[in-house]
Number of protein chains: 2
Amino acid sequence: MKVVIIGTGNVATILGRKILESPHDLVQIAGRTPMHAQKLGHRLNVPFTSPASTISKNADLYIVAISDDALTSVGEWLFLDKKLVVHTAGSVSMNVLESVSKNYGVLYPLQSLNAESVELPEVPFLVDGSSPDDLALINDFASSISSSVQVSTDEARKKLHLAAVIVNNFTNHLYVLAGNYCKQEQLDFNLLLPLIKETANRISYLTATDAQTGPAARNDTTTIKKHLELLKDHPALKKIYEEMTRSITEANSQRSVVRSGS
Amino acid sequence: MKVVIIGTGNVATILGRKILESPHDLVQIAGRTPMHAQKLGHRLNVPFTSPASTISKNADLYIVAISDDALTSVGEWLFLDKKLVVHTAGSVSMNVLESVSKNYGVLYPLQSLNAESVELPEVPFLVDGSSPDDLALINDFASSISSSVQVSTDEARKKLHLAAVIVNNFTNHLYVLAGNYCKQEQLDFNLLLPLIKETANRISYLTATDAQTGPAARNDTTTIKKHLELLKDHPALKKIYEEMTRSITEANSQRSVVRSGS
């Protein structure tokens with residue numbers, strides 16, 4: 001397929017790199033800001049353009065990888081007639097593209113994409129299409145650049161995006177809080193990196209519920225009290241500590257109830 | 001060094017496996033429950049014993065890898081005279097061993113250890129000793145089974161243990177919550193595994209603060225509202241969502257203040 005990417009951010013860059021490694025032909029990069037379009041065009045060694053009116057008419061697939069906000073008004077400046085066009089957003093309805101083309105759909109990468117990643121990460125895709133034919137084309141395309149593709153409605157995609165926020169953004173915020181605490185207490189945060197990796201890897205072979213350990217999971221109130229004492233000068237972290245400890249205790253007590261009832 | 005391990009749980013098992021791969025000599029496993037001692041002895045192909053009175057007197061290092069609770073009363077049943085003895089607990093003072101031997105210290109693995117792990121994980125050690133000579137011996141031993149060893153006081157070790165709870169237990173609980181949500185909404189949690197791995201790997205080359213993305217970090221109230229609406233039938237998760245979103249917003253606004261003030 002001949003592909004045009006509209007957008008110049010992290011998603012556009014990583015999809016561009018994936019396409020360059022595939023049998024498909026990346027024919028153009030289009031971006032609102034001329035300098036950004038030029039930069040990504042140079043980086044991927046692909047022709048680039050800026051005004052929407054100069055976007056190539058000869059491609060088979062147009063990937064709109066722009067922010068949710070910009071996507072909301074895409075119908076005002078992009079018209080592709082019958083060309084197949086997809087967006088890449090987790091939380092935006094497929095129908096936002098219905099005034100752009102007769103044939104449209106979604107190609108949502110369920111991954112945190114960073115333009116500068118040295119190695120391309122594994123990217124599961126959730127796909128959708130405005131007709132069975134469009135969906136089949138999008139599904140085939142996604143399968144040619146990823147080994148993990150699932151058809152997903154707007155509703156299911158939005159829910160998976162929410163789950164992604166929990167395991168990615170919230171988890172990363174815990175790293176931020178632990179990092180700030182280490183800095184304030186003059187401890188070496190890097191000592192925690194092997195533990196962080198092990199925690200993420202473990203749920204490939206244990207369920208998260210079975211992998212749950214720690215003071216809250218074993219109801220070790222002595223250690224929890226010591227920790228809250230250590231956190232008395234860290235009110236923001238203390239609040240999260242209390243909230244997570246409460247939630248773990250609650251989850252475990254529900255689990256016990258289910259067990260003793262079964 | 002000739003080493004005796006006292007304990008039969010996850011820490012005892014992984015340290016035993018590490019020692020078998022090292023130049024040291026694991027001479028005995030001792031455990032309170034005869035069946036557990038036998039099981040680990042057989043697994044590691046090492047002599048085992050159960051009553052404390054039958055623990056070998058001929059080793060150079062005794063590693064007490066038992067629960068925090070059991071450790072508190074270790075002085076009541078273990079006496080090793082002048083033999084070098086260490087415990088492996090993050091939150092227990094080194095001095096809990098002072099009635100066990102004249103020479104004691106700490107060998108704390110800052111890692112989540114699971115006896116069944118196929119591959120031995122990278123394990124940073126925090127070490128301490130009751131005298132400079134003891135500390136040097138413990139430090140040398142730790143360095144012979146790990147490439148990451150730091151000397152750490154009781155106080156610093158307890159604080160790092162708290163940071164470990166945050167990045168390990170709390171992170172894993174977010175996986176549990178996201179997993180329960182996926183189950184209830186009939187979504188495939190396994191689709192999130194590549195994202196979970198990427199999130200953990202990314203902070204090896206980006207600071208967690210720079211890696212922070214998502215609706216809360218960009219103050220995207222539209223998406224946050226959509227998510228809270230999706231969570232209306234998931235009160236426990238909704239509470240965590242609100243708390244984490246509040247905390248991320250707070251951390252980011254403090255960051256902006258620092259930036260505009262600098």
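1. Contact here means heavy atoms within 4.5 Å. By that rule, and leaving aside neighbours within four places in sequence, B:Val86 is in contact with B:Leu61, B:Tyr62, B:Ile63, B:Val64, B:Leu97, B:Gly105, B:Val106, B:Leu107 and B:Ile138. B:Val86 lies in strand E5 (residues 84-87) of chain B. Helices (H or I, at least four residues) and strands (E, at least two) are DSSP runs, numbered from the N terminus.

2. This is a predicted model: local features need pLDDT of at least 70, side-chain atom pairs count only at pLDDT 80 or more, and totals for chains, interfaces and linings use all residues. Residues are numbered from 1 along each chain as its sequence is written, chains are lettered from A and ligands numbered from 1 in the order in which they are written, and side-chain values use heavy atoms, with hydrogens and water left out.

3. Is B:Val86 buried or exposed? B:Val86 is buried, at a relative accessible area of 1%. Buried means under 20% relative accessible area, exposed means over 50%, and partly exposed is in between (1.4 Å probe, protein chains only). How far is the C-alpha atom of B:Val86 from that of B:Ala236? The separation is 41 Å, and the two residues are 150 apart along the chain.

4. Now the helix pair within chain A. The axes of H1 (residues 10-20) and H2 (residues 34-44) of chain A come within 11 Å and cross at roughly 25°. Axes are lines fitted to C-alpha atoms, for helices over the stretch in contact, and angles run from 0 to 180 degrees between N-to-C directions. H1(A) and H2(A) are therefore roughly parallel to each other. Angles under 35 degrees count as roughly parallel, over 145 as roughly antiparallel, 65 to 115 as roughly perpendicular and the rest as oblique.

5. H1(A) passes H2(A) in a right-handed crossing. A crossing is right-handed if the near helix is turned clockwise from the far one by less than a right angle, and left-handed if anticlockwise. From H1(A), the residues in contact are A:Ala12, A:Thr13, A:Gly16, A:Arg17 and A:Leu20; from H2(A), they are A:Leu40, A:Arg43 and A:Leu44. This contact of H1(A) with H2(A) divides into 4 nonpolar, 2 polar and 2 charged residues. Ala, Val, Leu, Ile, Met, Phe, Trp, Tyr, Cys and Pro count as nonpolar, Asp, Glu, Lys and Arg as charged, and the others, Gly among them, as polar.

6. Next, helix H6 of chain A against chain B. H6 (residues 193-202) of chain A packs with H5 (residues 154-184) of chain B at about 15°, with the axes 9 Å apart. That makes H6(A) roughly parallel to H5(B). The crossing of H6(A) and H5(B) is right-handed. H6(A) supplies A:Leu195, A:Ile196, A:Thr199 and A:Ala200, while H5(B) supplies B:Ala164, B:Val167, B:Asn168, B:Thr171, B:Asn172 and B:Tyr175. The contact of H6(A) with H5(B) has 6 nonpolar, 4 polar and no charged residues.

7. H6(A) also packs with H6(B), at about 175° and with axes 9 Å apart. That makes H6(A) roughly antiparallel to H6(B). The contact is made by A:Ile196, A:Lys197, A:Ala200 and A:Asn201 together with B:Ile196, B:Lys197, B:Ala200 and B:Asn201. By class, the contact of H6(A) with H6(B) has 4 nonpolar, 2 polar and 2 charged residues.

8. B:Arg202 deserves a look. B:Arg202 lies in helix H6 (residues 193-202) of chain B. At 5% relative accessibility, B:Arg202 counts as buried. Leaving aside neighbours within four places in sequence, B:Arg202 is in contact with A:Ser112, A:Leu113, A:Asn114, A:Ser117 and B:Ala211.

9. B:Arg43 forms a salt bridge with B:Glu116, with the closest N and O atoms 3.4 Å apart. This pair links distant parts of the chain, 73 residues apart: B:Arg43 is in helix H2 of chain B, and B:Glu116 is in the loop between strand E6 (104-109) and strand E7 (125-129). B:Arg43 is partly exposed at 40%; B:Glu116 is exposed at 56%.

10. B:Arg246 and B:Glu250 meet in a salt bridge (2.8 Å, N to O). Being 4 residues apart in helix H9 (residues 235-261) of chain B, they are separated by about one helical turn. A:Lys239, B:Glu243, B:Arg246 and B:Glu250 are linked in a network of salt bridges.

Note on methods. Salt bridge = Lys/Arg side-chain N within 4 Å of Asp/Glu carboxyl O.
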